[in-house]
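Please examine the sequence and the model displayed below before reading the report.

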Amino acid sequence: MTTDIHQWDSLWINVRLATMTEANSYGECHDAAIAVRDGVIVWLGKQADLPANLSVTTTHDCHGAWMTPGLIDCHTHIVYGGNRSNEFEDRLNGVSYEDIARRGGGIISTVKATRAASETELFSQSQVRVKRLLQEGVTTLECKSGYGLDLDTEAKILRVARRLSEHFPVRVCTTFLGAHAVPPEYAGRADDYIDQVCEHMLPALVAEGLVDAVDVFCEKIGFTPAQTERVFQAARRHGLPVKLHAEQLSDQGGAALTARYQGLSADHLEYLSADGIANMAAAGTVAVLLPGAYYFLRETQLPPLAGLRAAGVPIALATDCNPGTSPMTSILMVMNMACTIFKMTPLEALQGITRNAAKALGLEKSIGQLAVGMQADFALWQVDRPADLSYAIGAIPCCGVVYAGVISK
């Protein structure tokens with residue numbers, strides 16, 4: 001009788017797994033091993049339970065390191081030009097974020113710098129930020145446009161985002177955020193600009209293959225719920241999922257609107273209402289919390305963690321890397337902030353940048369957990385326990401990264 005031989009590309013042994021496959025635990029497996037073939041996990045479990053008939057191209061000894069899924073930064077604006085440290089100083093001198101925006105600063109100042117930058121310059125500036133995330137075990141990130149506010153610059157941003165995934169071992173999901181602010185040339189004509197977004201910009205960008213999802217900044221200094229819904233309807237016509245900058249500075253009912261369109265996520269959410277929570281729970285919309293922006297803006301209104309937990313809304317975390325409100329490229333610092341400022345647990349924080357972040361990108365069936373059939377994206381850590389990833393401020397304990405089955409660090 002012939003026994004099948006297990007033919008694997010790589011086998012990782014002497015490892016401790018935090019599989020993140022369970023809702024209420026890290027999914028720990030000690031004295032473990034994990035096998036990869038064609039960039040996909042094909043076996044994992046106790047090392048003592050490895051099949052007897054193996055043919056492995058390469059075996060890696062992890063020497064007792066912890067392994068988690070590759071980390072996911074599910075909300076960034078990482079491609080932009082310029083610098084806004086002057087506005088940071090203004091806010092510290094008492095000028096509000098809204099006042100800065102109204103006088104031509106804020107998003108519009110970054111728009112000017114991004115329009116002026118060449119595609120090569122944007123790529124050069126952005127890759128520095130991406131490399132910092134990769135050092136901390138990130139294997140997937142989202143990149144929003146929204147600092148162009150015209151077709152040419154929005155396309156330029158999204159092309160740079162695609163290039164980042166071609167030059168670095170990271171999956172980049174692109175989000176069209178044309179409705180980020182009203183550009184200067186449309187001052188006082190927000191509805192006309194929404195026409196441009198829906199009827200010209202989005203179709204052209206979709207035709208170029210640059211858009212994976214659509215987002216809007218729904219806020220008093222952004223766009224109204226009615227304008228937001230027009231963009232969502234345009235996204236639906238193109239078969240694209242939606243998400244929303246919602247309830248960051250005030251309650252505009254954006255989370256409930258996003259849920260009506262089965263949105264992937266509603267993000268920020270400091271002013272989220274009980275009705276918004278209920279709608280998100282019913283729709284399966286993920287709450288993406290952004291502690292970097294909360295901290296940087298010195299916000300005092302905490303997102304409603306207790307309500308989100310009670311309703312069973314999945315909670316993800318992200319850097320919100322952007323020049324104005326969260327110039328942050330440390331996903332591990334996000335975890336620490338979520339625990340210290342938002343009072344999340346270390347388990348919730350790690351879930352927030354693995355399984356729940358994957359769901360916020362619509363990728364929960366392929367990344368965010370260590371399980372058979374998932375993409376072989378994982379990070380190795382020289383730590384004593386998974387909670388250490390939230391604990392040590394400024395530490396970078398990542399000692400190895402595998403992306404699609406290939407070692408990248």
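## Basis of the model

The model is predicted: local features need pLDDT of at least 70, side-chain atom pairs count only at pLDDT 80 or more, and totals for chains, interfaces and linings use all residues. Residues are numbered from 1 along each chain as its sequence is written, and side-chain values use heavy atoms, with hydrogens and water left out.

Thr285 is placed in the loop between helix H9 (274-283) and strand E12 (286-289); helices (H or I, at least four residues) and strands (E, at least two) are DSSP runs, numbered from the N terminus. Thr285 counts as buried because its relative accessibility is 0% (buried means under 20% relative accessible area, with a 1.4 Å probe and protein chains only).

A polar atom of the Thr285 side chain lies 2.9 Å from the backbone oxygen of Gly263. Beyond its neighbours within four places in sequence, Thr285 is in contact (heavy atoms within 4.5 Å) with residues including Gly263, Leu264, Met280, Val313 and Pro314.

## The sheet

Four strands form an open sheet in the order E10-E11-E12-E13, with parallel pairing (two strands pair if DSSP finds at least two bridges between them). Strand E10 (243-246) and strand E13 (315-317) are the edge strands, each pairing on one side only.

E12 and E13 pair in the parallel sense over 3 bridges. Leu289 stands opposite Leu317 in E13.

## Helices at the largest pocket

Helix H11 (305-311), helix H13 (346-352) and helix H14 (355-360) each supply at least two residues of the lining of the largest pocket. H13 gives the largest share of that lining, 3 residues.

Key:
Buried < 20%, exposed > 50% of the residue type's maximum accessible area, 1.4 Å probe, protein only. Polar contact = N/O pair within 3.5 Å; in protein donor to acceptor, adjacent residues only side chain to side chain.
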